[in-house]
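Subject: Structure for your study

Dear colleague,

Please find below the structure that I am handing over to you. I would be grateful if you would look through it before reading my notes.

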Amino acid sequence: MFQQLLTVWSDSAAISAAIWLVLLVTVLYLGRQQAHHLFSTTGRAVFTALRLASRSVLKLEHRLSQRNRDVLMALGRTASEKAIEREFTRVSTLVARDLAHYPSLHRTLADAIEKIEADYQASSLSAPLPPAWSDVVDTISALPKSADPALNKILDNIKDAIEDSHEETLKAFQKATLERHGHLAKMHPQWRTLKTTMGKVETTLDSLEERTCMIDGQMDRYESIRNNEDAAANSLLSSSLTQFLISGLVLIIATLGGLINFQLIALPMSEMVGGTATIGSMRMSDIAALVIILIEIAMGLFLLESLRITHLFPVIGSMDDRMRRRMIVVTLTLLTILATIEASLAYMRDLLALDRAALQQSLAGVGVVEAQFRWIPSIGQMVMGFILPFALAFVAIPLESFIHSLRSVLGMVVVGVLRTVAVALRLVGNLANHACKILAHLYDLIIMVPLGVERLIRHRSTAPDLSDASASAKTTTDTDDAPTAANKSKRSRSTKVEPVLTDTQEVTP
Amino acid sequence: MKLVTDSARLSRHIMTLLLITALLSTGLLAGCGESPIKSRAVYMLIDTSGTYTEQLDKAETIMNYLLATLDSGDSLALARIDSASFNEEDIIAKATFDIRPSTANDQKRLFQHHVQTFTSELVKGSAHTDITGGVLQAIDFLNETDADEKTILVFSDLEEDLPEGHVRDFPIDVAGIEVVALNVTKLTRDNIDPRDYENRLAAWQKRVMEGGGQWRVINDLERLDRLVAMN
């Protein structure tokens, strides 16, 4: 077919091809304006359509970003409110626990102070000081000895009497001082009581102050969230991402634990439900093992929900305390039963493995060898079978974090995808527009010969106008400015002629 | 507040989705790449004529391998080829292994005991060799088991020597059954003209293929892993 077309004009393929080429170029030259219009319109249309689509996507992305931010802020606000509430509850508990006994504490303090005061009073009642008899004694002693023995005797008697009285008074004073010391010694325990009580009050107040600082911090955060500040949004997003990663990691660990658990009970399950029955491509025993593990996880979810550690099921969270306590008991009991079943299954697995190994040895003609310390892996498997269900029960905590943070992460991912789509649309639109322009130039490249001819003809037809223009320019310019004028005319010529030669859009066949 | 409620609702939806995904993925993980479990049935015929009585230890090794390979739900039978093999009395031991692994292990031990008793008590070989009769008996047994994969193992030199009056030159229906010739020893006359050996094998192959079955020969007993397709 192609060969026939090629030789339609002449037997020589080259001549025929040349004729075809001339025809093609002529046709293309004649349809140049329409073709250029087609390229231009198509390019603009694609560009406009894709720009519109890009704008729509960007608008959607903006709305989604706003929505994500609102959700994040709302969640952060709720979390912050809960945190503040929790802090207040702690303060309340602290006050109720430590300061509720403040009246009795006050009474203790008052009693201690009263006793101290009484002791102080008692210690201040000192015995009267000995009168100034020493002066009298000294005076009597200093009297000159009289010749009268009777007088001397009287004076000696007085002196003795005074000295006796002085000694008695001194003894009484010493006794009173001892009593005061006794009272002061009694004050020691009271002081100690006071010190201890005041220490307790100080600890309580310090703790309260600490809580107050934390509440202040939480309140600042809450205020920042309420004001819709960017810093708060960024902080919440970062926190959400961290939570997502950590909870994801813990969930992966839990999944691995679940797989180990599965391996532990899948084989002995075939002893219960048979090893040949299948549902689809799965053994019934595998399904049974899987169901047991999933029930354990579900029980764990319910248990933690009843304990109000997680909040995935509002129905459980809104139950009254009595019902909740019953639920705790029921789920914990079921979990323990399942853990016991798993422990026994793990033991059975060990027995089956032993039996199988013994059979293999017998079939291979080797005597059955009793392995030493075989009880260690047996006990290990049993303990693992018992502990793993309880460990899996705690998967509810990372699961809740994962689900809560997944909303933010998914939102962020979708925003990223939308942004990429918008950029891609814009890029494709621009590329299409430029591709159409390139096509127009390629079109001109194919028909460059007729275009060149046309340009020459146009150039010749416009040449006389140009010479006239230069002549008039010469007449109008001064002789002093001749070079400048010539330059200007050159410039004006070039600026006039160039568009005619280069602007292919304006050229018509 | 509405946003929080919406978010909580969304979280619950995500959780449901996650649970379903977890279930499905765990199911896929457990069943991924595994074809549905196929039950197998193996019937082994042991030639008890002539010098083959001296090779019973090899047959016992094969039986032990089969006992170790076959699992719960599979069937296994051992029968001898004697002068008239189309007979239930020639079945030495047969068992369909229980779905419980422990019971299946007990059955295997019992089977092994039967095989050991048979090999130790067999002293004198049979006068004739009725391979076709044994194959027919095997077909009956295998079809009754309704297993997905059926195999007949023929531990013989494939030289049929029928008693007077026995008719066996008719087509056999072995559709869906793989017949494996094991340890096909060369006879003295095969050494004189090896084409006899080839012709004997070709005749049996033709007979099996025409009956709708598959044919294989395994002489190297070190390659027992090729014997029965593993699940």
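Predicted model: local features only at pLDDT ≥ 70, side-chain atom pairs only at ≥ 80, totals over all residues.

Residues are numbered from 1 along each chain as its sequence is written, and chains are lettered from A and ligands numbered from 1 in the order in which they are written.

Chain A contains 14 helices and two strands; these are DSSP runs numbered from the N terminus, with helices being H or I of at least four residues and strands E of at least two. Of its 509 residues, 17% count as buried. A residue is buried if 20 or more other C-beta atoms lie within 10 Å of its own, exposed if 12 or fewer, and partly exposed in between, with C-beta atoms placed from the backbone.

Helix α12 (residues 396-446) of chain A has 51 residues and spans 71 Å from its first C-alpha to its last, close to the expected 75 Å. The expected span is 1.5 Å times one less than the number of residues. At Leu406(A), α12(A) bends by about 35 degrees, the angle between axes fitted to the seven residues ending there and the seven starting there.

Thr177(A) belongs to helix α6 (residues 149-226) of chain A. Is Thr177(A) buried or partly exposed? Thr177(A) is partly exposed, because 13 other C-beta atoms lie within 10 Å.

In chain B, six of the seven residues of strand β4 (residues 149-155) are buried, so β4(B) is largely enclosed by the rest of the structure. Strand β1 (residues 40-47) of chain B pairs with β4(B) in the parallel sense over seven bridges, where pairing requires at least two bridges found by DSSP. Here Leu45(B) stands opposite Val154(B). β4(B) also pairs with strand β5 (residues 177-182) of chain B, in the parallel sense over six bridges, and Ile152(B) has Val179(B) as its bridge partner.

The largest nonpolar core has 40 residues, and Leu45(B), Ile152(B) and Val154(B) are among those that touch the most other members. Such a core is a set of buried Ala, Val, Leu, Ile, Met, Phe, Trp, Tyr and Cys residues joined through C-beta atoms within 7 Å. Another core, of 35 residues, lies apart from it and includes Ile265(A) and Leu304(A).

Yours sincerely
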